Amino acid sequence: MSVALPLPWLIVVPLGGAMASFLVPERWRVRLGLAVLPVMWLVTLAVLGDLAAHGVQVHALGGWSAPLGITLLADGLALGMVALTTLVFSLCAVHAASHAAEKGHNGEIGFLWPLLWFLVAALNSIWLSADIFNLYVGLELLGLTAVGLVALTGSAEALAAAMRYLLAALLGSLCYLLGVALLYAAGGSLALGDLGTIAGSGATARVALALMTLGLILKTALFPLHAWLPPAHGGALAPVSALLSALVVKASLYILIRLWLALDPDVATAAAANLLGALGAGAVLWGGWMAWRQTKLKYLVAYSTVAQIGYLFLFFPLVTGTSTIAGGLAWDGTLLMLISHALAKAGMFLAAGNLVLAMGSPLIADLSGISRFRPLSLFSFGLAGVSLMGLPPSGGFTAKWLLLQSALHSGQWWWVVVLIVGGLLSAAYVFKVLRHSFVEGPKRDHFNSPPMAMELAALALAAAGMGVGLAAQSPLTWMRIGSPFGVGG
Amino acid sequence: MSSALFYAWVGVVLCGLGLFGFILHRHLMRRLLAFNIMGSGSFMILVGLAQDGRGADPVPQALVLTGIVVAVASTALALVILRRWYRVSGESRLPEDV
C-alpha cells in the first residue's frame, strides 16, 4: 500500500472551501471561491501524476485499514471522474462568478458558493470511496446539497421542485441503505473489493442488489422514475443545472457500475441487465420525445438529460455475459458517452442560461431573432447539440460508434436501433431551438447582453465536448487503469 | 428465533409501514414522518440482521449512528423547505397532488 499524500486533499480542500465560504462575509465568497479553484487544480494534477507514476492507489484514512476504517481508492475510473469534476466545476464557477459580478449580490443566492463547494466534496468522496457505506454517506451529502441548490432561488416553483427531488432522493438512499444492511449481514464486510467473494450468490445478495439498483436508478432518474428531474434541473440557476446534469446524476450511476462489476455474475444476471437496458431504451425514446415537445428552453435541455442517461444504461446488457472484447468496447463507449455528455450538457445548460438571460423569457418561441444578437451563445448551444446528436467528430459520435460496435460484436443488434432513433430525436429537438432562433419573427432588436466570460465558459465546455471525440484515446486508456478491462485490453 | 432476528423482523414491518405511508399520503408532513419510520426500520434491520448468530458487532452500531445523523439532517432540510413552501403557496401538498 502506497501512502499518497494528495489523495485525501481532493475531499479536504472543497470541504474546507465550503466551511470558509460560510464564515466569510458574503461579498468575499466569490473571490474566495475563485482563489480555491487553482488549489483544486494543483491537487487534481498531483493525484493524476501519482496515477501515471505508481498506478492504482489505496489510501487508508488515519491509518485505519479496511473493515473498521475508511479506504480511498484511486483507480483510473475514479480519477477520470475527479478530473472531469474539476474541469466542469471550474467553468461553471467562472460562469457563476461573472453572473454575480454583473448582478451584484442578492439574498440567498449568497449561499450558492458554500453549497457548490459541498457539492464538489460530496462528488469527490463518491468517486474515491471503496466501501458501500461510505458511498451511502457520499450519496446523502450529494443529495442534500443538490436539493439545497435547487431550492436556492426560493420561488414557489423552485421549492416544489426541491421538495419533489428531496423525497425521491430520500427514498432512493433508503433503498440503497437496506441493500447495504443485507450485504453486510450476508458477508460481514462493506468493502467493494470483498463483495464478489463474500456476498456469494445467494438470495440475500440478489435482493440486496435489486434494492440498491432500485434506489440508484431512482436517483439517476432513469425512465420511468425520472419525473423529479425536469423541474429540478430546468428550474435551477444555469450553473447549478449544468452541474446537476453533468455530474450529480452520474454519481449514482457510477456507484451502480461499481456494484455491478464487483458482484458475482450469478447475482448480477443477464436478465436483470437486459431489463436495465430496456429501461435505458425507454428513456432515450421518451426523453427525446418529451424534449421535443417542451416550450421552455431549459426544460428542453433537462428532458434531453433524461434521454442521454438512457444511453449510459446500455452498458449493463452489453457488458453482462458477453465476450471480453464486447465488454471492453462497452466500457470505453459508456465512459466516453458519460464524459462527452457531461461536457456538452454543462455547455448547453450554460448557453441556455445565457440565452434566457438575453431574451428575458424562458420560452423557446421568444428566441426569434436572437441569432444576430447573441451568436456566440447560440453557437455554443449548437456545438453542444452536435455532440448530443452524435455527429462526427464529437465525443458523442465516437461514444456511440464504440457502443454500436459492442452491440454488433455481442449480437444484440436491437440496441443499435435505439442508438440511431435516439440520435434522430436529439437532432429534432436541437434543430427546433435553432429554427426558432433564426426565424425573424416579431421585429425585436433589443436583447440583454450577458458578460463575455459567461459566454466563453459555455463555449469552452461545448468545445471540450467536441474535442474529447478527437482525442478520445488517451482519457480512455487512463480510465482503464485498474478496471476489469485492463490497459489496452 | 433469536432476539436479534426478532428486531430485524420488527424492522421489516416498520419499513413496510413507512413505505406504505410514504406512497399513500399526500400531506408532506405525513410523508416526512413515514420516511422517518422507514429509516428507523432500516436501522433495526441493519443492526439486527448483522448480529444474528454472530454476537455483538460494533460496525453496524457505528453505521447506524452515522445513519441517524444523516436522517436528522435530511429531516431538518425537508422541514425548512416544507415551511417555506407552505408560506409561499399556502399548500401542504405538492402542486400535482392538490
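**The nonpolar patch and beyond**

Mentor: Start with helix α17 of chain A, residues 414-438, which supplies three residues to the nonpolar patch and so contributes the most to it; helices here are DSSP runs of H or I with at least four residues, strands are E runs of at least two, and both are numbered from the N terminus. Keep in mind that this is a predicted model, where local features need pLDDT of at least 70 and side-chain atom pairs count only at pLDDT 80 or more, while totals for chains, interfaces and linings use all residues. Residues are numbered from 1 along each chain as its sequence is written, chains are lettered from A and ligands numbered from 1 in the order in which they are written, and side-chain values use heavy atoms, with hydrogens and water left out.

The patch covers about 580 Å² and is made by L285(A), L408(A), W413(A), W414(A), V417(A) and V421(A). To join a patch, a residue needs over 30% relative accessible area and no salt bridge; nonpolar side chains (Val, Leu, Ile, Met, Phe, Trp, Tyr) are joined within 5 Å, like charges within 9 Å. The areas are Shrake-Rupley values with a 1.4 Å probe, and for residues only the protein chains shown count as cover.

One member, L408(A), sits in helix α16, residues 395-409 of chain A. L408(A) counts as exposed because its relative accessibility is 52% (exposed is over 50%, buried under 20%, partly exposed in between; 1.4 Å probe, protein chains only). In the loop between α15 (375-389) and α16 of chain A you'll find P392(A), which is exposed, with a relative accessible area of 52%. The C-alpha atom of P392(A) is 8.0 Å from that of G469(A), though the two are 77 residues apart along the chain.

S252(A) has 2% relative accessibility, so it counts as buried. Leaving out residues up to four places away in sequence, S252(A) touches L139(A), L216(A), K219(A) and T220(A) (contact is heavy atoms within 4.5 Å).

Now the partner chain: 30 residues of chain A are in contact with 34 residues of chain B. Between chain A and chain B there is one salt bridge, in which the side chains of R164(A) and E96(B) meet at 2.8 Å, N to O (a side-chain nitrogen of Lys or Arg within 4 Å of a carboxyl oxygen of Asp or Glu). On the side of chain A that touches chain B, α5 (132-151) and α6 (156-187) each supply at least two residues, and α6(A) gives the most, with 17 residues.
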